[in-house]
Amino acid sequence: MTATTGTDDGRDDRDGRGGLDDRAELARLLPPATGFDLPPGRHEHHRERLMNQIDHDTAAASARDRAPDRAPSRPRLLRPSFLAPVTALALAGALVAGYSAQGGGEGPARAESGASAAERAGNAQPVALVLGRISDAAAESGEGPVGDDQFVYVRSQVQGGDLTSGKLVTGPLAEREIWYAQKPGPQKRLGYIREGGETLPINAELGDTDGTPEGISRPTYRWLAALPTDPRKLLDHLTALTPESERQEHAQAVFEQIGYLIRETVLPPETAAALYRAAALIPGVTEAPDAVDALGRHGVGIAREDRGSSTRSEWVFDPEGLAFLGSRTFLTADTAIGAKGALFDAQAVLKRSVVDEGGVRPQD
């Protein structure tokens, strides 16, 4: 189970051979790292068991090597902790096979990094104005409330990358349905996921023997409604809750965290409005004119580039009502695993609803 050994106080047992031998054996058996760290928050499918194990082992070795992973076959309800450190790739070698999640088509034809024309001219105001309009629209949203005994249902078309070969290969679109349980207190059954015609339970996270509580790893409607609604206080709160990683800018991790909340939850209107205004305060967030989601739907875009991992994440909103459509992440430079523009993942939200029973689709 664990990749290291240690003393009772949590330190590595470097006086014995256990921990060092384990790591040496892993290093001997697994292929060498590509030299490129995967960005966190990728691939929502087919790897929760793997990521749970990696998180468990990595945490035992060093808390600071943990990065959020959002890539379950049974989704990891929101851990940035959503992101698997790419020691995940080095520690896990073939484990990355699980990345072949849903696969996807072609990457964006033109994946430009950087800001909009106005921002390149030195004016950062447009993104705040755009997010302000999105915030105002979200404040008028009719979604919710969600009862403690209900489930948040999200149906999406998703695609993700496969790194089994050591190169990024994006497969075809596939449908995914998720039912997120809203019960307060620690829960051992967090919901259900349906992919490829199979419905599976989402179990508590590894180590949560008494169940996973509400929080950043399980954002229930009740928990979301209790968040600060002042944008600066909300951003500070989420920044404190979002784990840091040497492999990703912390601002990018927070941006990814907010993006997950927007995509995978039903937000109280006041919280939704505050989230968008909080996103406007994150350094490096820009407007992304004519952004495109996984289905090729064009819309108003909000983006941030993580220069450390050469990736860019974009949120896409309907140009008419400014409702959230989807998101995507792609490479912004040629790397050892793929060319500029290669698609890591993309999502298009088709339906979001509240239902009374897990595994049961809402009535249209």
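This report walks through the helices, strands, salt bridges and cores of a predicted model.

Residues are numbered from 1 along each chain as its sequence is written, and side-chain values use heavy atoms, with hydrogens and water left out. Because the model is predicted, local features need pLDDT of at least 70 and side-chain atom pairs count only at pLDDT 80 or more, while totals for chains, interfaces and linings use all residues.

## Salt bridges

Side chains of opposite charge can pair when their charged atoms come close. A salt bridge here is a side-chain nitrogen of Lys or Arg within 4 Å of a carboxyl oxygen of Asp or Glu. The structure holds 14 salt bridges. The table lists three of them.

| Salt bridge | N to O distance |
|---|---|
| Arg277 and Asp136 | 2.8 Å |
| Arg232 and Asp236 | 3.6 Å |
| Arg263 and Glu264 | 3.1 Å |

Helices (H or I, at least four residues) and strands (E, at least two) are DSSP runs, numbered from the N terminus. Arg277 and Asp136 form a salt bridge. That pair links distant parts of the chain: Arg277 sits in helix α9 (residues 269-279), Asp136 in helix α5 (residues 125-139), and they are 141 residues apart.

Arg277 is partly exposed at 35%. Asp136 is partly exposed too, at 44%.

Where do Glu264 and Arg263 stand, buried or exposed? Both are buried. Salt bridges with shared partners join Arg176, Arg263 and Glu264 into one network.

## Helix α7

Arg232 and Asp236 lie four residues apart in helix α7 (residues 231-241), so about one helical turn separates them. An α-helix has 3.6 residues a turn, so residues three or four places apart point the same way. Arg232 has a relative accessible area of 41%, which makes it partly exposed. Asp236 is partly exposed at 43%.

Which residues of α7 are buried? They are Leu234, Leu235 and Leu238. Seen down the helix axis, the buried residues of α7 fall within an arc of 100 degrees, so they line one face. The arc is that of the directions from the helix axis to the C-beta atoms. On the other side of α7, Lys233 and Ala240 are exposed.

Contact means heavy atoms within 4.5 Å. The cover over the buried residues of α7 includes α8 (250-264) and α9. At the N-terminal end, Asp230 caps α7, with a side-chain oxygen 3.1 Å from the backbone nitrogen of Arg232.

## Strands

Two strands pair if DSSP finds at least two bridges between them. Start with strand β11 (residues 343-355). Ten of its 13 residues are buried, so β11 is largely enclosed by the rest of the structure. Strand β1 (residues 151-162) pairs with β11 in the antiparallel sense over ten bridges. Val154 stands opposite Arg352 in β11. Strand β10 (residues 324-331) also runs antiparallel to β11, joined by five bridges. There, Arg328 has Ala346 of β11 as its bridge partner.

Next comes strand β4 (residues 189-195). Five of its seven residues are buried, so β4 is largely enclosed by the rest of the structure. Strand β3 (residues 174-181) is antiparallel to β4, with five bridges. Ile178 stands opposite Ile193 in β4. Six bridges join β4 to strand β5 (residues 198-203), again antiparallel. Arg189 stands opposite Asn203 in β5. The hairpin of β4 and β5 has two residues between the strands, and Gly196 takes a positive phi near 60 degrees there.

## Nonpolar cores

In soluble globular proteins, nonpolar side chains tend to be buried together. A nonpolar core is a set of buried Ala, Val, Leu, Ile, Met, Phe, Trp, Tyr and Cys residues joined through side-chain atoms within 4.5 Å. How many residues does the largest nonpolar core have? It has 43 residues. Those with the most contacts inside this core are Leu131, Ile134, Ile258, Tyr276, Ile302 and Trp315.

Not counting residues up to four places away in sequence, Tyr276 touches Leu131, Ile134, Ser135, Ala138, Ile262, Phe317 and Phe324. A second, separate core has six residues, including Leu163, Leu168, Ile337 and Phe344.

Terms used:
Buried means under 20% relative accessible area, exposed over 50%, partly exposed in between (1.4 Å probe, protein chains only). A polar contact is a pair of N or O atoms within 3.5 Å; within protein, one must be able to donate a hydrogen and the other to accept it, and residues adjacent in sequence count only if both atoms are side-chain atoms.
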